[in-house]
Amino acid sequence: MLKIALAGNPNCGKTTLFNDLTGSSQYVGNWPGVTVEKKEGKLKGRKDIVITDLPGIYSLSPYTLEEVVSRNYLLNDHPDAIINLIDGTNLERNLYLTTQIIELGIPVVLAINMMDVVKKNGDRINVQQLEKAFGCPVVQTSAVKGVGSKEAAFKAIELAKKGKVLVPKPIFSKPVEDTLETISASISKQVDPTRLRWYAIKYFERDEKVLAAHPLPDDRLENVETTIREVEDRMEDDGESIITNERYEYIEQIVRHSVHRFEKKLTISDRIDRVVTNRFLSLPIFIAMIWFVYYVSVTTLGSIVTDWTNDTLFGTWVTEGATHLLNSIGTADWLNGLIVDGIIGGVGTVLGFVPQMMILFFFLSLLEDSGYMARVAFIMDRLFRRFGLSGKSFIPILISSGCGVPGIMATRTIENDHDRRMTIMLTTFIPCGAKMVIITMFVATFFHHSSWVAPTMYLLGIAMIAFSGIILKKTKMFAGEPAPFVMELPAYHLPSLKGVLIHMWERSKHFIVKAGTIIFIACGLIWFLSSFGWNLRMVEDVDHSILAGLGNTISWVFAPLGFGSWKGTVATISALVAKENAIGTLAVLNGVADEENTRAVIAGIGSMFTGVSALSFMLFNLFNPPCFAAIGATSREMGGIKWTMIALGYQVLLGYALGFVTYQLGSVLFLGHSFGFGAVLALVIIGIAIYLLVRPVPAANKMILDRGQHAGA
Amino acid sequence: MKTLKEAKPGETVVVARVHGKGALRRRIMDMGITKGTQLFIRKIAPLGDPVEINVRGYELSIRKVEAESIELV
């Protein structure tokens with residue numbers, strides 16, 4: 001078994017190459033940091049070769065999570081060879097990582113990608129020169145067109161079999177190389193001898209991770225420090241900068257000798273960018289774009305296909321067909337009930353939303369793959385910083401409008417711990433595809449298909465993110481320096497239809513699989529609990545069912561929110577399994593197996609809520625903790641029970657407060673309830689919220705803030 | 001001391017030194033902004049921050065606060 005790692009900068013086509021080599025349909029994106037976890041696959045036709053796709057990184061520095069993940073994999077998992085993929089249109093910055101990778105003592109193949117674009121631009125790259133400079137084989141590829149991928153893999157296999165370790169050439173200036181020699185001599189007993197040079201450089205840079213893992217005895221550490229300081233004084237710079245500067249100087253030299261660039265005109269990408277990030281046009285364009293996406297996928301095209309799948313496909317064809325079939329076989333009544341009411345009713349209602357979500361995902365993928373998302377972060381950064389977040393938080397939030405799980409995963413590109421944690425906590429406030437199911441159904445039931453409710457929910461989501469950002473940033477937990485926003489703006493490119501479809505499918509698949517597994521089981525379970533009494537006999541009236549009994553015991557919790565009936569309680573609990581389950585559950589509880597599926601659900605839900613309690617139910621379900629899958633992702637990304645609990649606690653608090661205020665004040669204003677204790681409490685909550693929003697930053701935390709800003713500047 | 005923060009769109013400038021420390025400084029340098037590098041200021045974002053610059057043939061977005069730590073020749 002041979003292990004080959006794929007490493008390279010973000011946006012250099014790594015994931016495309018990986019898909020090409022392994023035949024898998026990994027998701028490919030065009031904004032920095034798409035591959036947030038390493039992914040493995042077997043080389044097509046070679047079961048004995050494992051290919052690992054590492055996250056895209058610019059450097060092997062010890063600072064960002066992705067860099068550390070990649071670095072640890074390359075150092076500790078001992079891949080047999082590395083394919084270092086390089087964007088041929090941007091050699092200088094890409095080769096910077098190469099100078100670090102070749103120091104790891106692992107055979108390396110350089111694959112220069114996007115050769116089609118390089119040739120189209122009229123540039124020429126001298127491969128022999130590069131081979132000589134780095135001492136490793138160089139292959140030219142064009143992963144999108146599938147050119148050269150195999151050759152790169154075979155070269156890597158060949159090298160891995162030989163097991164010949166790459167001996168890095170001296171690339172630094174004489175004084176630095178001399179110092180590295182001295183350091184090597186002092187540390188040779190502490191570290192892996194094949195990586196002596198790597199470690200020597202890390203000591204020179206004073207890499208905190210390496211220093212902590214391989215501590216030197218005091219006398220030798222002092223020795224090393226003195227030699228480093230000597231060079232630093234002479235060059236009037238610190239070790240880390242000296243190394244970085246000299247790496248780039250070396251690369252400049254190589255590029256000068258091996259690349260011939262054609263005189264450049266304004267590229268198409270530049271021209272698009274002139275319009276899209278234009279001072280005056282960019283914001284209107286952005287708003288129009290988002291509005292168009294949601295208008296098409298939620299209101300027009302989306303609702304047409306959803307109505308058809310709900311009313312015609314699942315409401316009529318499948319239900320009638322199944323009833324017919326079951327009657328002709330002559331199955332027992334309870335089985336008919338389970339299949340038609342429980343499973344088809346519940347799962348069907350949820351699956352009905354799949355076409356709509358696929359349209360939404362299609363557009364989001366299009367925006368992402370084209371490179372527009374990175375510009376959105378660029379445009380929105382100033383605004384988001386006011387809320388204690390960065391433009392980078394916008395990408396997870398936008399992805400969360402599809403699904404919170406990849407949204408939470410995408411927060412890994414945010415370097416600063418505070419910002420990342422806060423984004424994880426808040427990103428699911430934006431309604432995801434599954435929450436859209438709840439919104440759509442409630443809008444149809446209570447708000448007469450009015451077109452403003454759904455956009456309002458998105459706006460409210462954004463408002464709650466802003467509100468939470470501002471109040472949380474003032475707490476001691478989140479006070480600190482703002483995260484850096486040094487981000488590449490990748491060149492625009494026309495997304496390939498195949499890529500967008502793969503991406504769309506990857507996201508929808510997740511949803512469909514969930515409908516087929518978790519929701520399938522949940523619907524069956526809820527059907528059982530609602531159809532049977534404690535004596536395990538089928539009940540005529542659901543109010544005597546096991547579920548009603550269970551729901552009744554905890555429904556008091558939700559009574560102040562206006563949906564203290566056991567049905568509302570059960571729907572809320574089952575929504576934690578998967579948000580769209582709320583609707584599936586309500587469908588099952590209202591005995592949906594009618595010809596007119598949607599209308600029956602609407603009638604059933606309509607009888608359970610008033611307009612005010614419906615709004616409260618919707619708000620609570622949108623803002624309380626997301627589904628289990630997203631809670632799982634939260635706990636994984638937070639890396640600890642403490643932060644997970646803080647996030648969940650805040651979400652429960654906010655969701656409950658919103659539902660409470662809406663119901664209590666709504667009842668007084670619209671339903672003519674008397675102004676009682678509940679309404680007073682609601683006003684107090686609003687008062688507290690306003691205070692938290694406008695209060696000055698506490699002095700103790702301000703100090704942390706100032707210090708942080710100082711260190712950051 | 002002139003920093004990148006003061007540079008105007010359309011200007012081409014040369015880096016003298018990167019100040020600051022830790023992750024941010026290393027990140028700036030890792031992205032290719034090192035001593036002697038030429039930077040072209042392409043534009044400022046519509047809300048006044050961040051700034052888009054061209055460095056070593058690609059586009060990079062950087063905030064004014066961060067640009068302040070890049071000293072120019």
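Mentor: Chain A and chain B bury about 3900 Å² between them, with 51% of it on carbon and sulfur atoms. Buried area here is the accessible area (1.4 Å probe) that two parts lose on being put together, summed over both. Keep in mind that this is a predicted model, where local features need pLDDT of at least 70, side-chain atom pairs count only at pLDDT 80 or more, and totals for chains, interfaces and linings use all residues. Residues are numbered from 1 along each chain as its sequence is written, chains are lettered from A and ligands numbered from 1 in the order in which they are written, and side-chain values use heavy atoms, with hydrogens and water left out.

Trainee: How many residues does the contact take from chain A and from chain B?
Mentor: Chain A gives 53 residues and chain B gives 37 residues, where contact means heavy atoms within 4.5 Å.

Trainee: What makes A:Glu240 and B:Arg26 a salt bridge?
Mentor: The rule asks for a side-chain nitrogen of Lys or Arg within 4 Å of a carboxyl oxygen of Asp or Glu. Their side chains meet at 2.9 Å, N to O, so the pair passes the 4 Å cut-off. Across the interface of chain A and chain B the rule finds 10 salt bridges.

Trainee: Why is A:Leu281 called partly exposed?
Mentor: Buried means under 20% relative accessible area, exposed over 50%, and partly exposed in between (1.4 Å probe, protein chains only). A:Leu281 has 44%, so it is partly exposed. This residue lies in the loop between helix H12 (268-276) and helix H13 (282-299) of chain A; helices (H or I, at least four residues) and strands (E, at least two) are DSSP runs, numbered from the N terminus.

Trainee: And why is H16(A) described as largely enclosed by the rest of the structure?
Mentor: Because 13 of its 17 residues are buried. Helix H18 (residues 391-400) of chain A is mostly covered too, with 10 of its 10 residues buried.

Trainee: How do you know that the span of H16(A) is close to the expected one?
Mentor: The expected span is 1.5 Å times one less than the number of residues. H16(A), residues 354-370, reaches 24 Å from its first C-alpha to its last, against 24 Å expected.

Trainee: What makes S1 and S5 of chain B a strand pair?
Mentor: Two strands pair if DSSP finds at least two bridges between them. S1(B) (residues 12-18) and S5(B) have 3 bridges, in the antiparallel sense, so they qualify. B:Val18 stands opposite B:Ile70 in S5(B).
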